[in-house]
Amino acid sequence: ASHAVDFLIREKIPGPIFNNFDIGGYLIYRLYPREKVFVDGRPEAYPASFFREEYIPMQENPELFHTLTDKYHFQTIFFSHTDQTPWGITFLKWIVRQPDWKMVYLDDYAVIFVRNNPENQTLITKYGMDQKHLKTTYTEHTFAANLRLAAFLAKVDWLEESLPYVLLLLDEKPDYCPALGIVTQIYQQLQNPAAVIYSQRYSQTCI
């Protein structure tokens, strides 16, 4: 996540920050005392009620997130999109579609959103992106990096946008079953004739 934090610091992106559990410790290491984090990887440092009543439910419920945004005055979301928790996945699916928040950074580990308000318009004009206009950054040019990006885009149901990254996986490992399955699914949804070819390859290789 170092590239994402470098971007945050360089562009002077304001807090308070909402972040997920996975990335909190690193954010403290890089940003304290300038910024505080919402949560970090020390569950014993927070009351159980915090996770039960705020941290988890706010990721599952956009209305609660909006309420708690007002309470904590969040200006930025810094999220490790490799988060595999059900609530983390749910959060990513709906936050990318929220007009109140704009994505300004995406790499193979992290995604950053800022409040869509007048104060952030210069930043949004320069770096803002949406489903059809992605500007991805690589922390490393590896198979694993493409896999993480493909997984994030598939996670938020941006299947067509994940396709180039999945095809890069197959360029390197033609028999990689997860990629064959995803490509088949994408082409089926797009009603692309190539779905038949990839479906056969998947059946022959992976079943």
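K102 has V114 as its bridge partner in β4. That pairing belongs to a predicted model, where local features need pLDDT of at least 70, side-chain atom pairs count only at pLDDT 80 or more, and totals for chains, interfaces and linings use all residues. Residues are numbered from 1 along each chain as its sequence is written, and side-chain values use heavy atoms, with hydrogens and water left out.

**View 1. The hairpin of β3 and β4.** Here β3 (residues 101-107) meets β4 (residues 110-115) in antiparallel fashion, with five bridges. Two residues sit between these strands in the hairpin. Strands here are DSSP E runs of at least two residues and helices are H or I runs of at least four, both numbered from the N terminus. Strands count as paired if DSSP finds at least two bridges between them. Six of the seven residues of β3 are buried, so the rest of the structure largely encloses this strand. Buried means under 20% relative accessible area, with a 1.4 Å probe and protein chains only.

View 2. Five strands make an open, mixed sheet, in the order β1-β2-β4-β3-β5. Its edge strands, β1 (17-19) and β5 (136-137), each pair on one side only. Strands of a sheet pair through backbone hydrogen bonds, either parallel or antiparallel.

**View 3. Helix α4 and its buried side.** Which residues are buried in α4 (residues 62-72)? They are F65, L68 and T69. They cover an arc of only 115° around the axis, which puts them on the same side of α4; the arc is that of the directions from the helix axis to the C-beta atoms. The buried residues of α4 pack against β1, α3 (48-60), β2, α5 (86-95), β3 and β4, where contact means heavy atoms within 4.5 Å.

View 4. N61 caps the N-terminal end, with a side-chain oxygen 2.9 Å from the backbone nitrogen of E63. A polar contact is a pair of N or O atoms within 3.5 Å; within protein, one must be able to donate a hydrogen and the other to accept it, and residues adjacent in sequence count only if both atoms are side-chain atoms. After α4 comes H73, with a positive phi near 60°.

Conventions
Buried means under 20% relative accessible area, exposed over 50%, partly exposed in between (1.4 Å probe, protein chains only).
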